[in-house]
Amino acid sequence: MSVIEIARVALASGATHEQFIEQNRVLEAGYIVKQPGFLSRELASGEGGGYVVVVHWRTAADADASMSRFATDPNTQGFMSVIDAATMSMDRYQTVALDGG
């Protein structure tokens, strides 16, 4: 069992796709992959210009710990500067065993 977080964001006014992608790289390499319990991360763009980020964590506690440090880590600030924080939404799901176990 693991945890899946799905975040949706839109670009900040004046930010470009290229800036977003670069800041996403900084965020992932400098922060996300270094977090305990991190398993994987995917980024996708939508037709309307928004983005979806899917992060897999070992446990909900790992995801919570990462979020508690997110706002103050220097490697997250560039990412936050290119997104419209008012558009950010996040959902969390616990994986389900399909074999009934």
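Biologist: Which residue in E3 does Arg8 stand opposite?

Modeller: First, the ground rules. This is a predicted model, where local features need pLDDT of at least 70, side-chain atom pairs count only at pLDDT 80 or more, and totals for chains, interfaces and linings use all residues. Residues are numbered from 1 along each chain as its sequence is written, and side-chain values use heavy atoms, without hydrogens and water. Helices (H or I, at least four residues) and strands (E, at least two) are DSSP runs, numbered from the N terminus. Two strands pair if DSSP finds at least two bridges between them. Here, Arg8 stands opposite Val52 in E3. E1 and E3 run antiparallel, joined by seven bridges.

Biologist: Which residue in E4 does Arg8 stand opposite?

Modeller: Ser89. Six bridges join E1 to E4, also antiparallel.

Biologist: Which residues of H2 are buried?

Modeller: Buried means under 20% relative accessible area, exposed over 50%, partly exposed in between (1.4 Å probe, protein chains only). In H2 (residues 60-70), the buried ones are Asp62, Ala63, Ser66 and Phe70. They lie on the same side of H2 because they cover an arc of only 100° around the axis, taken from the directions from the helix axis to the C-beta atoms. Ala61 and Ser68, on the other side, are exposed.

Biologist: What do the buried residues of H2 pack against?

Modeller: Contact means heavy atoms within 4.5 Å. By that test, they pack against E1 (3-9), H1 (17-30), E3 (51-57), H3 (77-81) and E4 (89-94).
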